[in-house]
Amino acid sequence: MEEEKRCCLNCNSIINGRPDKKFCSDACRTMFHNRIRHIRHTQSEELSRIDRILKKNHAIIERLYSRGERETTFTELFGMGFNFDYITSLRENPDISSSYIVGCYDYTYVIGRDGRVFLGKKNSIPL
């Protein structure tokens with residue numbers, strides 16, 4: 001019976017030796033694991049960056065909402081540093097056709113065609 005040829009997970013060269021061997025050399029094993037560690041670290045940094053943006057957006061809405069402001073403008077929010085590229089939920093608005101209710105954790109907002117932004121708070125669910 002012919003033995004199945006195995007390839008190095010890093011460089012794809014043919015591996016000789018033990019049947020459970022995954023890398024052709026210690027250098028390839030180290031490079032492979034360093035690359036995996038780098039990818040995981042980069043992904044973690046990206047998630048942290050997005051979470052910071054969402055938390056800043058939440059703080060902006062919370063500040064306005066706690067002052068009793070339920071309506072603002074797109075321009076005013078943008079000027080306060082609000083980033084409209086990141087959201088936590090999105091659903092169709094049953095009250096206004098072809099508009100959406102956008103979520104930022106426990107707050108919501110609807111952007112009107114005229115640039116007005118209507119702020120709301122998600123209903124709390126009793127436990």
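Modeller: Happy to! Buried means a relative accessible area under 20%, exposed means over 50%, and partly exposed lies in between, with a 1.4 Å probe and protein chains only. This is a predicted model, in which local features need pLDDT of at least 70, side-chain atom pairs count only at pLDDT 80 or more, and totals for chains, interfaces and linings use all residues. Residues are numbered from 1 along each chain as its sequence is written, and side-chain values use heavy atoms, with hydrogens and water left out.

Let's start with the cysteines. With a relative accessible area of 2%, Cys8 is buried. A disulfide is a pair of cysteine sulfur atoms within 2.5 Å, and the count by this rule is 0. Cys8 therefore has no such bond: its nearest cysteine sulfur belongs to Cys11 and lies 3.7 Å away. Cys104 is also buried, at a relative accessible area of 1%.

Now for the loops. Helices (H or I, at least four residues) and strands (E, at least two) are DSSP runs, numbered from the N terminus. Asn12 sits in the loop between strand S1 (6-7) and strand S2 (14-15). Although Asn12 is not a glycine, its phi is positive, at about 70°. Asn12 counts as exposed because its relative accessibility is 56%.

Tyr105 is in the loop that runs between strand S5 (100-104) and strand S6 (107-111). Tyr105 is not a glycine either, yet it has a positive phi of about 55°. Its relative accessible area is 32%, so Tyr105 is partly exposed.
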